[in-house]
Amino acid sequence: MSLKLKQYPVILAGSVLSSALFAQAGSSVAIYGLVDAGIRYTNNTDASADSSTKLSNGSRTASRLGFRGNETLSDDLQAIFAMEIGLDPTTGAAGDGSRYFNRLTSVGLKSKSLGQITIGRQYGMIHEFLAFNGIDALDVANYPEWAYYVGAQYTPRYDSSVRYTHQIGGFVVSAMGVIDNSKSKTSYPLGAALVYKGANWQFGGAYMQEKPSIETTDAKRKSYSLGGTYQFNAIKLHAFYLGHKNDVTNREDKTYAVGFGYDVSSSMKLLGEMLHTKSDISNISGKRTAGILTAEYYLSKRTQPYIGIDYTKFSDALVPASGKDSRVGLAVGLRHRF
């Protein structure tokens, strides 16, 4: 069979590409992401009891673009990396204008027998425990009315962090520390987490602490959580406790949550959660109680339109700036993973 001259560049390019892939057979790089956009309605947004309707970055999950990869170094060792940037699908803007990869940047080594160590900008133990183990029924929803945290209860991510994770049987143990590169003389945050994963249940806890300054005060900022899930048939139950104490601002928060996930069918799922927070801010108490119910329809494994409704009741120190002690919200959105 003869080949035309114009076919040679294509064949050559294919040969070079095949050679490159063969030479890197022990390594892989993946591009992944999530785009979640929705329309959000809330009432009592100001002192005049006005309502608000706006298009926003999704309610269920924040949009992001990421890169991750690995290279096999031996039978028991891999080099790994991850880089992730937050995005606003309504404008195309980056989630954090001050840095390119605001969500995650890490590099490390992974061993089946010895565990995994990573260095970079990484999630703190509390956020990792509640979100990535699926302890929170709503996976750390994006709207504040749907989220378990009130105010800045904990730091989601830390720069210049070193983290170790290892799974021993059903136990997953994690620990992290932060090496502060700034000249602010802030202390080195420390944290740890322990989770046991059974066949249809899991339970564990996490802890993080930091000090604002090692030179001027001994005051600390502590966050701690306990929680778990239990799956039976089409229903998954969720429950957790999140505590936060900040000696610097004289604030303490205690959040209790119960939730569920119910697979109505292979293409429809219901999610619900009740959140109750008690706060003490400079000796002034306040409460927040929220109920959220969402329905997701799976057009495919990657694409889900959803609708959610929520009601929040506030009291005393936690009443928002609008001065109104209750709020109703409705969200309709579309989420796509790739």
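With which side chain does the side chain of Ser279 make a polar contact? In this predicted model, the partner is the side chain of Asp253, at 2.5 Å. The setting of this pair is described below, after an account of the chain as a whole.

The protein chain contains two helices and 17 strands. Of its 338 residues, 39% are buried. The accessible surface amounts to about 18200 Å², and carbon and sulfur atoms account for 61% of that area. When contacts between residues at least 6 apart in sequence are considered, 53% of them link residues at least 24 apart.

Confidence in the prediction was examined along the chain. The mean pLDDT is 87, and a value of 70 or more is reached by 87% of the residues. Over residues 1-23, however, pLDDT stays under 50, and the model has two contacts beyond four places in sequence for this segment.

Ser279 lies in strand β14, which spans residues 268-281. Its relative accessibility is 4%, and Ser279 is therefore classed as buried, because the term applies to values under 20%. When residues up to four places away in sequence are left out, Ser279 touches Arg251, Glu252, Asp253, Ile284, Ser285, Gly286 and Leu318.

Methods
Residues are numbered from 1 along each chain as its sequence is written. This is a predicted model: local features need pLDDT of at least 70, side-chain atom pairs count only at pLDDT 80 or more; totals for chains, interfaces and linings use all residues. Side-chain values use heavy atoms; hydrogens and water are left out. Helices (H or I, at least four residues) and strands (E, at least two) are DSSP runs, numbered from the N terminus. Buried means under 20% relative accessible area, exposed over 50%, partly exposed in between (1.4 Å probe, protein chains only). Contact means heavy atoms within 4.5 Å. Accessible areas come from the Shrake-Rupley method with a 1.4 Å probe; for residues, only the protein chains shown count as cover. A polar contact is a pair of N or O atoms within 3.5 Å; within protein, one must be able to donate a hydrogen and the other to accept it, and residues adjacent in sequence count only if both atoms are side-chain atoms. pLDDT is the predictor's confidence in each residue, from 0 to 100.
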